[in-house]
Amino acid sequence: MQFQSIGDVVPSPDAKLVAWVQTRPVMETERSEMISQIYLGAAGGSRRLQLTRGEKGADHPQFSPDGRYVYFLSERTEKTNVFRIRTDGGEAEQVTGFKGSVSAFYVSPNGKWVAFTGHEPDPAIEKAKNEKRDWEVVDENPANAALYIVPAEPDAERKRTQKKLFENSYHITDFDWSPDSRAIAFTHQPAPIADDWTKSDIAEVTIETGAVKELAATGAAEMEPHYSPDGRYLAFTRTSDPPRWPGDSRIVLLPRQGGDPRVLPATYDEKPQVAGWRGDSSALYFAETRHTRQTLYEMPLEGPPKIVYEPKRGTLGLSRLNTKGAAIGFAYESPDEAPEAFIMTLSSPGAGTRVSRANLDLPKLPLGKTEVVRWKSKDGLEVEGLLTYPAGYQPGKKAPLILNIHGGPAGVFVESFIGRHGLYPLAVFSAKGYAVLRPNPRGSSGYGKKFRYANVNDWGGMDYQDDQTGVDHVISMGVADPDRLAVMGWSYGGFMTSWTITQTRRFKAAAVGAGVTDLLSFTGTADIPSFLPDYFEGEPWKVFDNYHKHSPITYVGNVTTPTLVLHGAADVRVPTSQGYEYYSALKRRGVTTKMVVYPRQPHGPREPKFLLDIMRRHLEWVDKYVR
């Protein structure tokens with residue numbers, strides 16, 4: 001819990017400074033939260049300082065075009081607002097006085113305006129709440145975010161007048177300023193609900209008049225607009241038509257002076273995360289997972305993408321270009337190296353220069369070796385995963401093995417630091433003598449679109465075989481003891497865990513975290529009702545048998561494995577009822593089980609005291625039933 005995560009590494013316009021975010025757990029008597037603060041350092045890595053302080057924290061740093069200020073978001077006023085602070089120090093200045101909470105912001109290229117999105121609460125709704133008349137009509141009055149601007153500099157009375165650019169009946173998500181600061185391109189969807197990403201389109205608003213025109217509105221989902229520095233193009237990502245939940249997208253160029261959009265060549269995984277444009281408008285940069293590593297690519301206007309930087313081991317975090325398109329910031333980590341912030345100039349790509357020292361002083365505890373392993377699945381398909389050995393492992397000695405399954409199902413295990421806090425204490429498992437296998441079965445990202453779509457209509461089928469043959473492989477290596485096996489996972493990993501123990505009795509312990517255990521009831525109660533009808537190619541009332549035969553609850557009568565069930569009480573993605581269904585069935589059958597529910601926690605628990613408890617319970621459960 002001493003670990004600090006690194007986020008939003010942003011070089012200054014002249015690439016001489018770097019701002020980044022460090023987030024650490026705070027677990028005092030009445031506090032249990034993650035607090036982020038912004039740090040500032042010289043690009044050469046010679047000096048650094050903590051730029052923001054306070055109980056409320058700060059994140060999303062962004063330099064002003066002249067490099068004099070760092071703008072950021074903070075809840076210092078109870079609501080999230082935009083602030084700024086000089087790079088040479090001083091007190092932070094509040095820029096927006098929004099009555100709601102600001103979702104996102106960008107400073108205009110000319111430095112005169114700050115555009116932001118947010119939802120301003122309706123006084124009538126607040127009044128109804130106070131009078132206990134605050135019933136909710138489902139799907140009515142969505143809290144749609146609108147687009148606003150405020151002057152970067154205050155007037156003579158030290159005030160900034162907020163302006164709503166236009167009245168919108170939809171929800172605005174991401175956006176980008178045109179290079180001349182006269183327009184903003186933005187992504188919009190019908191409402192701020194998780195299912196509506198499939199209906200995303202891109203429009204543009206003129207700052208002076210508030211006139212709006214649609215730029216990209218097809219049956220696909222269009223998002224992530226990025227103007228080229230010379231103003232000739234608007235780049236964005238577009239999914240297949242119709243959009244699919246396993247995910248795939250291409251980068252599209254829209255000529256701003258007229259002409260048809262041009263779809264650029266497909267990327268390796270067909271899930272590019274666009275970082276921005278090269279300064280001369282000749283290429284775009286994007287990050288994408290390639291097997292177990294996040295990799296930085298360049299996409300030229302003509303020709304296929306090419307790798308700019310792929311670490312020999314380890315993985316990159318979120319990549320952010322500076323406003324000149326000449327330098328990029330990112331976090332780097334590996335299984336035995338905690339993340340730090342780095343800057344790389346695009347004229348001389350490479351490993352970059354470390355600018356932070358967030359985790360350099362962590363205790364130097366023994367860490368088991370983590371390596372990529374490959375095996376053939378039941379049908380001959382090659383599958384890959386990460387194997388962490390027990391600390392101080394001696395070849396030939398068989399260790400208890402934990403099969404840890406990722407979520408998604410289109411998630412992916414990458415070569416990240418095993419000592420980070422989270423749901424699974426990988427470094428502690430290793431220190432206690434366990435080996436841990438983290439497979440990337442079919443359905444995972446990082447291996448191309450075909451691989452990611454390979455578990456459509458087949459949850460618990462060949463993806464299950466991919467996991468089990470991975471366990472067989474580690475046993476055949478002489479590393480794993482076949483009589484001391486455990487399985488655990490969260491979300492889809494929870495589904496696969498609850499499924500696995502209905503299919504085999506080889507595991508001596510299981511931990512189901514926020515797992516989908518009943519596909520039928522999940523579809524009617526989750527916040528993503530279109531998710532499984534996409535994966536199973538039909539609504540449950542049309543292909544009932546498909547949902548029934550792929551649901552772990554259907555086969556719960558087979559389970560004998562001691563099972564720990566963990567769930568957040570405020571989980572709307574996989575409602576807590578999914579955990580209760582499975583737990584109640586096991587309890588009624590007399591199977592050893594325990595269920596723990598965490599108040600206030602969404603699908604991914606956030607409060608560090610709860611994270612610590614979850615990690616301890618995972619360790620204690622396998623210690624009790626496996627060791």
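A: Let's start inside: the largest nonpolar core has 48 residues, and Leu401, Leu437 and Trp459 touch the most other members. A nonpolar core here is a set of buried Ala, Val, Leu, Ile, Met, Phe, Trp, Tyr and Cys residues joined through side-chain atoms within 4.5 Å. Buried stands for under 20% relative accessible area, exposed for over 50%, and partly exposed for anything in between, using a 1.4 Å probe and protein chains only. Please keep in mind that this is a predicted model: local features need pLDDT of at least 70 and side-chain atom pairs count only at pLDDT 80 or more, while totals for chains, interfaces and linings use all residues. Residues are numbered from 1 along each chain as its sequence is written, and side-chain values use heavy atoms, with hydrogens and water left out.

The element that gives the most to this core is helix α5 (residues 492-503), with 5 residues. Helices (H or I, at least four residues) and strands (E, at least two) are DSSP runs, numbered from the N terminus. Now zoom in on leucine 437: not counting residues up to four places away in sequence, its contacts (heavy atoms within 4.5 Å) include Val373, Trp375, Leu386, Leu387, Leu401, Gly470 and Val474. A second, separate core has 26 residues, among them Val436, Ala509, Val596 and Leu619. In soluble globular proteins, nonpolar side chains tend to be buried together.

Trp459 also belongs to a cluster linked by ring pairs, whose other members include Trp197, Trp245, Tyr492, Trp499 and Phe531. Rings of Phe, Tyr and Trp (its six-membered ring) pair if their centres lie within 6.5 Å; planes under 30 degrees apart are called stacked, over 60 edge-to-face, and the rest tilted. By this rule the count comes to 32 aromatic pairs. One of them joins tryptophan 245 and phenylalanine 531 edge-to-face, at 5.2 Å centre to centre with 85° between the planes. Tryptophan 245 lies in the loop between β18 and β19 (249-255) and phenylalanine 531 in helix α7 (residues 531-535), so the pair ties together parts that are 286 residues apart in sequence. Both of these residues are buried. Tyrosine 332 and phenylalanine 342 form another edge-to-face pair, at 6.0 Å and 90°. Tyrosine 332 is buried at 14% relative accessible area, and phenylalanine 342 is buried at 13%.

Back at β18 (residues 233-239), we find threonine 237. This residue is buried, with a relative accessible area of 2%. Its side chain makes a polar contact of 3.2 Å with that of glutamate 224. Such a contact is a pair of N or O atoms within 3.5 Å; within protein, one must be able to donate a hydrogen and the other to accept it, and residues adjacent in sequence count only if both atoms are side-chain atoms. Beyond its neighbours within four places in sequence, threonine 237 also touches Ser249, Arg250 and Ile251, among others.

For a contrast, look at lysine 376 in strand β30 (residues 370-376). Lysine 376 counts as exposed, at 54% relative accessibility. Leaving aside its neighbours within four places in sequence, lysine 376 contacts Leu381, Glu382 and Thr469.

Finally, visit an open sheet of 4 strands in the order β5-β6-β7-β8, with antiparallel pairing. Two strands pair if DSSP finds at least two bridges between them. The edge strands β5 (59-63) and β8 (93-94) each pair on one side only. Strand β7 (residues 79-86) meets β8 through 2 bridges, and phenylalanine 83 stands opposite glutamine 94 in β8. The charged end of arginine 76 sits over the ring of phenylalanine 83, 5.6 Å from its centre. That wording requires NZ of Lys or CZ of Arg within 6 Å of the ring centre and within 35 degrees of the ring normal. Lysine 369 likewise sits with its charged end over the ring of tyrosine 389, 4.8 Å from the centre.
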